[in-house]
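Please walk me through this structure in plain terms. I would like to know how its parts are held together.

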Amino acid sequence: MSRVLGEAVDRVGEEVQVERGALGPLQFWRGQSRYVVGELLDSWLETAPWWQRDAGVGGASADLVAPREVWRVEAVRAGRSRMDFAGVFDLSWDASANRWWLVRVHD
């Protein structure tokens, strides 16, 4: 089961700070909490749903067709044991806005 964060009419999810390495995210911060990526599980490109773009005049906006990188990672809160506290998170890089988003948390 997964939870999608945020409201569809407002934003994709929760903005996070991410340190990225050559292969993908290495760690990310949610508020004051730091999460260390233990494993990169998957990655893909996706286009934002039409209802999450800004209303534009005169046709499709660039945001509608601009793909976003999504990384599924297994991460653990810094200082905790991976065996007991690991979670699976989907992080999305929005190059047009120069921002990272936490878009899903898998239970």
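In this predicted model, Phe-89 touches Phe-28, Arg-30, Tyr-35, Trp-71, Arg-72, Val-73, Ala-75, Leu-102, Arg-104 and Val-105, leaving out residues up to four places away in sequence. Phe-89 has a relative accessibility of 6%, and because buried means under 20%, this residue counts as buried. Phe-28, at 0%, is buried as well.

Both residues belong to the largest nonpolar core, which has 14 residues. Phe-28, Val-73, Phe-89, Leu-91 and Trp-100 are the members that touch the most other members. Strands β2 (14–20), β4 (33–47), β5 (67–77), β6 (87–94) and β7 (99–106) each give two or more residues to this core.

The next topic is the aromatic rings. The whole structure holds four aromatic pairs. One of them joins Phe-28 and Phe-89 edge-to-face, with 5.3 Å from centre to centre and 70° between the planes. Phe-28 sits in strand β3 (residues 25–30) and Phe-89 in strand β6, so this pair ties together parts that are 61 residues apart in sequence. Ring pairs also bring in Tyr-35, making a cluster of Phe-28, Tyr-35 and Phe-89.

Strand β6 also holds Asp-90. Beyond its neighbours within four places in sequence, Asp-90 is in contact with several residues, including Trp-44, Trp-71, Arg-72 and Arg-104.

Arg-30 lies in strand β3 and Glu-14 in strand β2, so the bridge ties together parts that are 16 residues apart in sequence. Arg-30 is partly exposed at 25%, and Glu-14 is partly exposed at 22%.

Another salt bridge runs between Glu-46 and Arg-104, whose closest N and O atoms are 3.9 Å apart. Here strand β4 is tied to strand β7, so the parts that are linked lie 58 residues apart in sequence. Glu-46 is partly exposed, at 29% relative accessibility.

Arg-68 and Asp-94 form a salt bridge as well, with 3.6 Å between the closest N and O atoms. Arg-68 is in strand β5 and Asp-94 in strand β6, so parts that are 26 residues apart in sequence are tied together. Both of these residues are buried. Finally, salt bridges that share partners join Glu-46, Arg-72, Asp-90 and Arg-104 into one network.

Methods. Residues are numbered from 1 along each chain as its sequence is written. This is a predicted model: local features need pLDDT of at least 70, side-chain atom pairs count only at pLDDT 80 or more; totals for chains, interfaces and linings use all residues. Side-chain values use heavy atoms; hydrogens and water are left out. A nonpolar core is a set of buried Ala, Val, Leu, Ile, Met, Phe, Trp, Tyr and Cys residues joined through side-chain atoms within 4.5 Å. Buried means under 20% relative accessible area, exposed over 50%, partly exposed in between (1.4 Å probe, protein chains only). Helices (H or I, at least four residues) and strands (E, at least two) are DSSP runs, numbered from the N terminus. Contact means heavy atoms within 4.5 Å. Rings of Phe, Tyr and Trp (its six-membered ring) pair if their centres lie within 6.5 Å; planes under 30 degrees apart count as stacked, over 60 as edge-to-face and the rest as tilted. A salt bridge is a side-chain nitrogen of Lys or Arg within 4 Å of a carboxyl oxygen of Asp or Glu.
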